[in-house]
Amino acid sequence: MNIIPRKEIPQEILEDSVLAHIAAAYFSVGKRLERKTGCSATRGFILSTLRGGATLNQNQIATHLGLDRTVVHRAIKTMAQEGLVSERKAKSGRAIHVQLTRKGNRYRERLIKARVTADENLRRQLSSDERATVMRLLKLIAELEF
C-alpha cells in the first residue's frame with residue numbers, strides 16, 4: 001500500500017526529504033483513522049483535551065492545541081449539536097465553558113478503542129526489531145535540532 005499521496009507532493013520533494021515522508025505517513029494514518037471512525041483529528045484533539053471531566057473555554061482549548069480559534073469554535077458548535085459536548089456561559093465575562101457529555105465520553109472511548117486496534121494491527125505486521133527501529137528513529141528525529 002502506498003502511504004504517500006503522490007499527486008499532492010511533488011516527486012522531487014519526496015526523493016530528497018525525510019520530513020516529507022514522515023509527514024505523508026502521519027497524514028495517511030490520520031486520514032485512514034478518520035475514515036474508519038468518522039472523527040476528524042481536530043475533533044479528536046478537542047475530545048482528548050476535555051478528558052477527565054475538564055471544563056475549558058474555547059480560547060483555552062485553541063491555545064492548548066495550537067489551533068485557530070475559529071476552527072475550534074466551529075468544531076465545538078457541531079459537537080454541541082451532536083450532543084458530544086455541553087456549553088454554558090461563564091459566570092463573568094463572555095467565555096463559554098465546554099465539557100464532555102456522557103455521550104461525548106462514550107464517543108471518545110470508542111475512538112480510543114479504534115486507535116488501539118489500529119496500533120495492535122501495526123504491531124502484528126512489524127517484527128519486534130522493526131518496531132524498535134521505528135520507535136528509535138522517530139524519537140531521534142523528534143529530538144533533532146534544525
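In which sense do β1 and strand β3 pair, and over how many bridges? They pair in the antiparallel sense, over two bridges.

1. A word on the basis. This is a predicted model, in which local features need pLDDT of at least 70, side-chain atom pairs count only at pLDDT 80 or more, and totals for chains, interfaces and linings use all residues. Residues are numbered from 1 along each chain as its sequence is written, and side-chain values use heavy atoms, with hydrogens and water left out.

2. The sheet. Three strands form an open sheet in the order β1-β3-β2, with antiparallel pairing (DSSP must find at least two bridges for a pair; strands are DSSP runs of E, at least two residues, and helices are runs of H or I, at least four, numbered from the N terminus). β1 (56-57) and β2 (85-89) are at the edges with a single partner strand each, so one side of each has no neighbour in the sheet. Within the pairing of β1 and β3 (residues 96-100), Asn-57 is opposite His-97.

3. α5 (residues 69-81) lies across β2 and β3, at about 110 degrees to β2 (axes are lines fitted to C-alpha atoms, for helices over the stretch in contact, with angles from 0 to 180 degrees between N-to-C directions; contact means heavy atoms within 4.5 Å).

4. The core. The largest nonpolar core has 16 residues, and Ile-46, Leu-47, Leu-50, Ile-61, Ile-76 and Val-85 touch the most other members (such a core joins buried Ala, Val, Leu, Ile, Met, Phe, Trp, Tyr and Cys residues through side-chain atoms within 4.5 Å; buried means under 20% relative accessible area, exposed over 50%, partly exposed in between, with a 1.4 Å probe and protein chains only). α5 gives the most to this core, four residues. Beyond four places in sequence, the contacts of Leu-47 include Met-79, Leu-100 and Leu-111.

5. The pocket. Which residues lie nearest the centre of the largest pocket? They are Ala-25, Tyr-26, Val-29, Gly-30 and Leu-33, out of 42 lining residues. α2 gives the most to this lining, with 14 residues.

6. Glu-34. This residue lies in helix α2 and, at 26% relative accessibility, counts as partly exposed. Glu-34 touches Cys-39, Ser-40 and Ala-41, leaving out residues up to four places away in sequence.

Conventions. 1 Å grid on protein atoms, 1.4 Å probe; cavity = no way out; pocket = protein on both sides within 12 Å on 5 of 7 lines; lining within 4 Å.
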